[in-house]
Amino acid sequence: MRYSQLLIPTAKEMPAEAEVISHQLLLRAGFIRKLTSGLYTYLPLGTAALRKVENIVREEMNRAGAQEILMPMVQPADLWEESGRWQKYGPELLRFKDRHQRDCCLGPTHEEVVTDVARREIHSYRQLPVNLYQIQTKFRDEIRPRFGLMRGREFLMKDAYSFDASDEAAEESYRKMREAYIRIFTRCGLEFRAVEADSGSIGGSFSHEFMVLAKTGEDTLVICQSCDYAANLEKAKAAMPVKPESSEAVQDCVKVATPGMKKVDKVAEFLGLSTQQVIKTMIYLADSELVAVLVRGDREVQPVKLKNLLNVTDVELADDDTVWQKSKLPVGYIGPVGLPIRFVADQEVMLMVNAAAGANEKGHHLTGVNPNRDFTPAMVGDLRQVTADDCCPLCGAALRLTEGIEVGHIFKLGTKYSEAMKATFQDADGQEKTMIMGCYGIGVSRVVAAAIEQNHDQNGMIFPLPLAPVQVIVLNLDLKNEAITAAAEQLHQELEAAGLEVLYDDRDERPGSKFKDADLLGIPYRVTVGKGVEKDGTVELRARCSGETVMLPLAEAAREITAKIKAELTAG
Ligand code: ATP
Ligand code: MG
């Protein structure tokens, strides 16, 4: 490919609109252009990078026995009514009417459509298991499309759906996908972790997220320093608390004036206690019902754990006015003793002795509060957020918190969709049974962005070889010099003939801008054809990642470079 004939509109300046490095570099390097919020056009190199990810995903899905299909992007509302999601799915679902006034939506995911295929086409256990996948554009009207390809409104996803005859078979399908995902992200050359995840609005009983480790990740991961435990912070289990040995006599509950002291640390200091001895009462709106949540004063509530315990679709912290309007309770002085609204407690709270808590009266707290004697929560569970000071819930070793970008998510769905949509089959015993489903997504376009977030320097992107839009760039440093130009042209041809993806920089530009662009584009190998050709018949090969350079005799350059790249690709 000749650079001079390709649309690669690089820019020197940092685009003002881009906050994260992948977005900045994708724009600067001319990989993508914005159409409007959350919608991008992929220019030639952007498209090539996308295809690289897509091909790895496709190969590994096929190897795992999944079958590629392609479903429509426009979906009829009827199907979504059947699953119940027409009502449940929020404004991320782009809805519209066709010319016959029929409600439709743009597919943000395809459980409904694929379940419809399964119920029509699969009737017997003999046809199971089946795993159907597609690589297709999704549309989600994200509230905050941002960070370029990381969170677009339109993006490329690989989504797969498995159908099985039994729970055990479904778990086997899940295991296969987990292995396929590990192969996919390893082959992409990315540093990643599979973590235990929340199943979110899709529901279901088991799920893992695949996270590319990068500082700009929107998710926080909890990773054990010693064993295999790794979880999304939303899901990370707190180690089971042990009741401390205490000779302290159980005190009576006493009301004390704590004027103006709404914050835990103020109350603790005033009462001469540690924050661990104060019960913090947080008020949430859970599907619009007020619910109080008790955690130890030095802890934070983890909203996703709360949402799961309460089995609601949405929880958010209630503001002071809402709390007052709905309950006449004074925020800052609320506590569990005699609390007139429903409340739940973190498991640690139930082990507290002689705690302090709000008295449900402005300017007052109670001391000597003891669980079970003074209050009984509607439910008790693991509700607090894990911190770096916690120990691994499995082995007790130290934990590490780190940021990650979610590039894939696998769920064991169970019968959520197959039951609602009556996807049944006849089992070997003649019984009519419901298919057990799993679903498995990969954000193909997000993988491109995540690869850049993880691999870049101040000069530009540094693509892992398997994802690079081209593998090697040949720089002609002097178009007017016949010997140099002849050598560069020859090298370009030889490398292409050897099956490599080559970009030949034949532009009439200064060497400085050629070097800069080669770095910016993140192409793994750069061959510079310049004065060395005339001096001693050599060219320079440089690896983008390590910066290492070697001089190669022109006659052997193509063979050596090809061997190096092919060896690296098979080793990875
Ligand atoms: P997120 O929590 O980031 O919104 P999600 O849980 O909604 O992701 P899934 O429904 O599991 O995502 O979709 C599968 C994959 O698609 C995700 O793992 C992610 O890599 C990718 N993805 C989801 N939303 C977007 C988006 N708006 N832009 C780009 N990729 C996305
Ligand atoms: Mg989402």
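**Exercises on helix packing**

Helices H2 and H11 are roughly perpendicular to each other (an angle of 65 to 115 degrees). The model is predicted, with pLDDT of at least 70 needed for local features and 80 or more for side-chain atom pairs, while totals for chains, interfaces and linings use all residues. Residues are numbered from 1 along each chain as written, chains are lettered from A and ligands numbered from 1 in written order, and side-chain values use heavy atoms, without hydrogens and water.

**Exercise 1.** Describe how H2 packs with H11.

*Solution.* Step 1: locate H2 at residues 44-63 and H11 at residues 444-454; helices are DSSP runs (H or I) of at least four residues. Step 2: state the geometry, an angle of about 115 degrees (on a scale from 0 to 180 degrees) with the axes 9 Å apart. Step 3: list the residues in contact (heavy atoms within 4.5 Å), namely Ala49, Leu50, Val53 and Glu54 of H2 with Val444, Ser445, Val447 and Val448 of H11. Step 4: sort these residues of the H2 and H11 contact into six nonpolar, one polar and one charged.

**Exercise 2.** Describe how H2 packs with H6.

*Solution.* Step 1: the axes of H2 and H6 (residues 167-187) lie 9 Å apart at an angle of about 150 degrees. Step 2: H2 is therefore roughly antiparallel to H6 (over 145 degrees). Step 3: H2 contributes Ile56, Val57, Glu59, Glu60, Met61 and Arg63, and H6 contributes Met177, Ala180, Arg183, Ile184 and Arg187. Step 4: the classes in the contact of H2 with H6 are six nonpolar, no polar and five charged residues.

How values were computed. Helix = DSSP H or I, 4+ residues; strand = E, 2+ residues; numbered from the N terminus. Parallel < 35°, antiparallel > 145°, perpendicular 65-115°, else oblique. Nonpolar A, V, L, I, M, F, W, Y, C, P; charged D, E, K, R; others polar.
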